[in-house]
Amino acid sequence: MIKVSGVTKRYGKSVVVDGVSLELASGGITAIVGANGAGKSTLLSMIARLLGSDAGTISVGGLDVTNTDSRELARELAILRQSNDVPSRITVHDLVSFGRFPHNGGRMSAHDREVIDQAIEWMDLTALRDRFLDEMSGGQRQRAFVAMVLAQDTRYLLLDEPLNNLDVAHSQGMLMTLRRAADELGKTVVIVVHDINYASCWADQIVAMKDGRVVEVGTPHQIVRAELLRDVFDVDMEIGECAGCPIAYFYMPAMGAANEMRAVATAGSKVGAFTAAQQRRSA
Amino acid sequence: MTTAATAPTKRRAADQPASWVGGLVALLVLAVVSLFVGVQDLSVRDLFSGLSEGQQLVLMVSRIPRTVAVLLAGASLAMAGLLMQLLVRNRYVEPSTVGTTESASVGVLVMTLFFPGSPVPVKMLVAVVTALLGTWLFIRIIRSLPPKAPVVAVPLVGIMLSGVIAAGTTYVAYANDLLQALNTWMAGDFAGVLAGRYELLWLLAVVGAVVWVFADRFTVASLGKDMATGLGLNYKQTVNLGLALVAVASGITLVVVGAIPFVGLIVPNLISMWLGDNLRRNIGWSALFGAGFVLVCDLLARTINFPYEVPVGTISGVLGGVVFLFLLLSGRMPTR
């Protein structure tokens, strides 16, 4: 269980995370959603002890993250941050091997090799295993980093925007792997995603954040509702459904908003053109 | 699957025992050549037909110590450069461009001014301490650089810092009539290496062994603070240990042989392009190439103006500078 109680983070005068209390039960996938600057990444980094908090306590699997030995914590919890700037020339295989570092301190056992190969295969990197990171695309690198934290083989897996730079196929593959990690291996997966629909389709539980606070925690059906999303993202979205999951349509303004916009849009402008298209469709 | 099976062959060539044997044999040949180059006539044939007493003396007191010193200094300078580049996460740094070497010379100058009679190990210790302080200062300054600062900002800051420190030492040396002595220590030179005056260089082998033991940690640290912490590494402690080892290696080399520029810059870059940055995999080759490079420089230093010697630092500056320019113009150095 991940237990966050009364956690606050300030940068100077601005409060980025504001007295957040949260309990995430073990198992399943939890997605944290919210607008830019809602404090999602900051909260995730604090849970993973990469960032200190100004108030409150956090424990993961019963270990207090501020005083537990970092290596012990690394066997319990793996974290991948959003932007990973690694200037060193490391091969995919070597990078993934470092996922075993908290367990073996550098000495590989047969079991370690198995876990490494498995993680490489899961992230579809077998053909790239001896490629240097700086010779790969952003998406391939992202998969390599995720493979590394998978090889860490921890009970808790925290990923900030794991779908960063990934194409549709690899996004699906990534989410399927995370689903398997949660369902078959019983891992607790917490991800930050900006696409609410990925959260809706793949997560068991969604945490909605706004302005450093948790607005609501619930199942996709409880969270992906027009009123709640308007509150969280300040955008009107129509909600549809796909294979039983609520889907928010946010690629165009919802009809209500579009009507308002049409009032100010000049004819021939982009907004004008597509509100006209929407009207044609609804007619 | 076929790509997976064939892809590794190119990289793994470096891990093959055959490659290692080849590299070591090449270095050994250079070392043997080094033993038989000098003003005093000494050839391999003499070795088998029996050496005269004078020749024995030259071999034991000068040639062997000199060759060993070159190998140790070259290997450890390349290793120190590699380690510093990984920990600072910048491909353009080495101890002699960030102020470490200049700071070590501050220690030597202080000891010469105030305790001129102090034994070499004490001078060395003080040089190591000032090298540590200088490196710490450099790290403090570059930590205050904005995160989006261009990649050359770090070496520029280093060059400025070394310039300031060098200006200070030059002034103090000038005011105390020690300028010539200062220049003599700073210019890397193996001519003064004789039995009984270089043995402290063996400490470099100890430094190398420590780096080898902690190689995995240093590589993990090179992934950056967040990733290293996520993997359970005590990031700060590891970086401090690594930079301390760099300072120790620089201090020792400076006191015994002086500054040999560019070794720590070009060797790690060439090795990184070839083998990548996993320290466990490339440290041996870095040491080997560093030793080979300085050995070649020293051989040139001894033969280019025979029977006189040119300081090895001059040769490595010219040779290394050319290689570095070539690397820059090849477009393979990171620009961001």
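In which handedness of crossing does α3(B) pass α5(B)? In this predicted model, the crossing of α3(B) with α5(B) is right-handed. The two elements concerned are helix α3 of chain B, which covers residues 17-35, and helix α5 of chain B, which covers residues 53-88, and they pack with their axes 9 Å apart at an angle of about 145°. On the side of α3(B), the residues that take part are Ala31(B), Ser34(B) and Leu35(B), and these meet a set of residues in α5(B) that includes Leu59(B), Arg63(B), Ile64(B) and Thr67(B), with Val70(B) and Leu71(B) also among them. Sorted by class, the residues of this contact comprise 6 nonpolar, 2 polar and 1 charged.

Chain B also touches chain A, and here 24 residues of chain B are in contact with 27 residues of chain A. Several helices of chain B, namely α1 (2-6), α2 (8-12), α11 (215-221) and α12 (225-230), each supply at least two residues of the side that touches chain A, and α12(B) gives the most, with 4 residues. The class composition of this side of chain B is 9 nonpolar, 10 polar and 5 charged residues.

Within chain A, an open sheet is formed by 6 strands in the order β6-β7-β8-β3-β9-β10, and the pairing in this sheet is mixed. Strands β6 (77-80) and β10 (213-218) of chain A stand at the edges, where each has a single partner strand, so one side of each is left without a neighbour in the sheet. On average, and with direction ignored, neighbouring strands of this sheet are turned by 15° against each other. Helix α6 of chain A, made of residues 138-151, lies across β6 and β7 (156-160) of chain A and runs at about 170° to β6(A).

A further pair of strands in chain A forms a hairpin, in which 2 residues lie between β11(A) and β12(A). Strand β11, residues 238-242, and strand β12, residues 245-249, pair in the antiparallel sense over 5 bridges, and Tyr249(A) in β12(A) is the bridge partner of Glu238(A). In this hairpin, Ala243(A) takes a positive phi near 50°. Strand β11 of chain A is hardly covered, since the count of buried residues among its 5 residues is 0.

Conventions:
Residues are numbered from 1 along each chain as its sequence is written. Chains are lettered from A and ligands numbered from 1 in the order in which they are written. This is a predicted model: local features need pLDDT of at least 70, side-chain atom pairs count only at pLDDT 80 or more; totals for chains, interfaces and linings use all residues. A residue is buried if 20 or more other C-beta atoms lie within 10 Å of its own, exposed if 12 or fewer, and partly exposed in between; C-beta atoms are placed from the backbone. Two strands pair if DSSP finds at least two bridges between them. Axes are lines fitted to C-alpha atoms, for helices over the stretch in contact, and angles run from 0 to 180 degrees between N-to-C directions. A crossing is left-handed if the near helix is turned anticlockwise from the far one by less than a right angle, and right-handed if clockwise. Two residues are in contact if their C-beta atoms, placed from the backbone, lie within 7 Å. Ala, Val, Leu, Ile, Met, Phe, Trp, Tyr, Cys and Pro count as nonpolar, Asp, Glu, Lys and Arg as charged, and the others, Gly among them, as polar.
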